[in-house]
Amino acid sequence: MDEFDSTNIFVNVSIDYLNLERNNIQILQKGSFSSLRGTAKINLGFNRLRFIDDSLFQSNDSHLEILLLNNNKISNLIFLSANSFWHLTELDVSFNLIENLMFTDLMSLQSLSKLNIGNNRLKFI
């Protein structure tokens, strides 16, 4: 699966845990998860994601608590600053290609209690 487009799949669907781990996903369409309601955990680990679009997780009903993006090819966390992850308590971006960690990337993560950013290429914090 190179591209994941949930526009017609998750319309007004309530899912507690969405596991898309190990699917070889390279691209997530804009707003792929915006129709999900009440989802607490999304696992996108072990795919081939390079980029997370700013609008990917935008939702009027975002209750996302756990976001797993480990073992991908993500190079930055800019998407975090463009979204309201008020309820996010755990973020795993380990084993990616992240070189810089900016304070602004983490500003919207007010409830974050666990951040795994190990095994990246961090040069600047």
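Student: Is Lys114 buried, partly exposed or exposed?
Tutor: Buried means under 20% relative accessible area, exposed over 50%, and partly exposed in between, with a 1.4 Å probe and protein chains only. Lys114 has 48% relative accessibility, so the residue counts as partly exposed.

Student: What should I know about the model first?
Tutor: This is a predicted model, where local features need pLDDT of at least 70, side-chain atom pairs count only at pLDDT 80 or more, and totals for chains, interfaces and linings use all residues. Residues are numbered from 1 along each chain as its sequence is written, and side-chain values use heavy atoms, with hydrogens and water left out.

Student: Which residue meets Lys114 in a salt bridge?
Tutor: A salt bridge needs a side-chain nitrogen of Lys or Arg within 4 Å of a carboxyl oxygen of Asp or Glu. The structure holds one. Its N to O distance is 4.0 Å, and the partner of Lys114 is Glu90.

Student: Which strands does that pair link?
Tutor: Strands are DSSP runs of E with at least two residues, helices are runs of H or I with at least four, and both are numbered from the N terminus. The two residues are 24 apart and link distant parts of the chain. Glu90 is in β6 (residues 90-92), and Lys114 is in β7 (residues 114-116).

Student: What pattern does the chain follow along the sequence?
Tutor: Count the elements first: there are two helices and seven strands. Read in order, they give β-β-β-β-β-α-β-α-β.

Student: Which residues have the most contacts inside the largest nonpolar core?
Tutor: A nonpolar core is a set of buried Ala, Val, Leu, Ile, Met, Phe, Trp, Tyr and Cys residues joined through side-chain atoms within 4.5 Å. The largest has 27 residues. Leu67 touches Phe57, Phe79 and Glu90, among others, not counting residues up to four places away in sequence; contact means heavy atoms within 4.5 Å. The residues with the most contacts inside the core are Phe33, Phe57 and Leu67.

Student: Over which ring does the charged end of Arg22 sit?
Tutor: The test is CZ of Arg or NZ of Lys within 6 Å of the ring centre and within 35 degrees of the ring normal. Arg22 is in the loop between β2 (17-19) and β3 (27-28). Its charged end is 3.9 Å from the centre of the ring of Phe46.

Student: What is phi of Phe46 near?
Tutor: Most residues other than glycine have a negative phi. Phe46 lies in the loop between β4 (41-43) and β5 (66-68). Its phi is positive, near 60°.
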